[in-house]
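Here are my notes for a colleague who has not seen this entry before.

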Amino acid sequence: EDQVTQSPEALRLQEGESSSLNCSYTVSGLRGLFWYRQDPGKGPEFLFTLYSAGEEKEKERLKATLTKKESFLHITAPKPEDSATYLCAVQSGGYNKLIFGAGTRLAVHP
Amino acid sequence: GAVVSQHPSRVICKSGTSVKIECRSLDFQATTMFWYRQFPKQSLMLMATSNEGSKATYEQGVEKDKFLINHASLTLSTLTVTSAHPEDSSFYICSAFPGSTSYNEQFFGPGTRLTVL
């Protein structure tokens, strides 16, 4: 059975304090790994798609990396506006549906 | 591009009534749409997969007679919660999958907050 586990559940950072969020996965035939950001009371906002081990993608202060077992979302010098829940999801086999992890709630304090 | 809308954004209804939620892809055609439910401080739980012109595929444990899904066109899917009860109160989110070679991502709507009294 496909599984996605995110850690930590919650993370509190000071503004400018870089850190990483982890997403470990077990799937039969990874088609893609996705990172989304979700603000309270809103739908998830797409950030990145990663397809193969070794792939990296960057957007502003965020950088996503992928290995055969896990993905990391690195946040460099975060700002308070980066506070949100970050969701990881995988797509496997011949299916288009996503399987989500529980998310990491990030709070960045000034 | 890749904008998905939902209507209404918030609905409050009495127990026993039915509620319809619309999901539209505004600037692309969606071969597949998905419906999720999210309880407070929990992640998204897939309820069903909706393909244009065919019956929806429901996840295990989701009552298909209670959550009616209609995907009548390539830009519109609707979720009807029939005979809603307080335990159906939740945040319902749809996503749309363009299905083209350039996009493998799903794009999400802003969500609908359902409160059943």
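1. Buried area is the accessible area (1.4 Å probe) that two parts lose on being put together, summed over both. Chain A and chain B bury about 1500 Å² between them. Carbon and sulfur atoms carry 54% of it. A:N96, A:K97 and A:F100 supply 29% of the area that chain A buries against chain B, more than any other three residues.

2. This is a predicted model: local features need pLDDT of at least 70, side-chain atom pairs count only at pLDDT 80 or more, and totals for chains, interfaces and linings use all residues. Side-chain values use heavy atoms, without hydrogens and water; residues are numbered from 1 along each chain as its sequence is written, and chains are lettered from A in the order written.

3. Contact (heavy atoms within 4.5 Å) involves 19 residues from chain A and 19 residues from chain B.

4. What salt bridge crosses the interface of chain A and chain B? The rule (a side-chain nitrogen of Lys or Arg within 4 Å of a carboxyl oxygen of Asp or Glu) finds one. B:E59 pairs with A:K97 in a salt bridge, with the closest N and O atoms 3.2 Å apart.

5. Now the sheet. In chain A, five strands (DSSP runs of E, at least two residues) form an open sheet in the order β1-β3-β8-β7-β6. The pairing (at least two DSSP bridges between two strands) is antiparallel. The edge strands, β1 (3–7) and β6 (56–59) of chain A, each pair on one side only.

6. Six bridges join β3 (residues 19–26) to β8 (residues 70–75) in chain A. A:S20 stands opposite A:H74 in β8(A).

Terms used: Helices (H or I, at least four residues) and strands (E, at least two) are DSSP runs, numbered from the N terminus.
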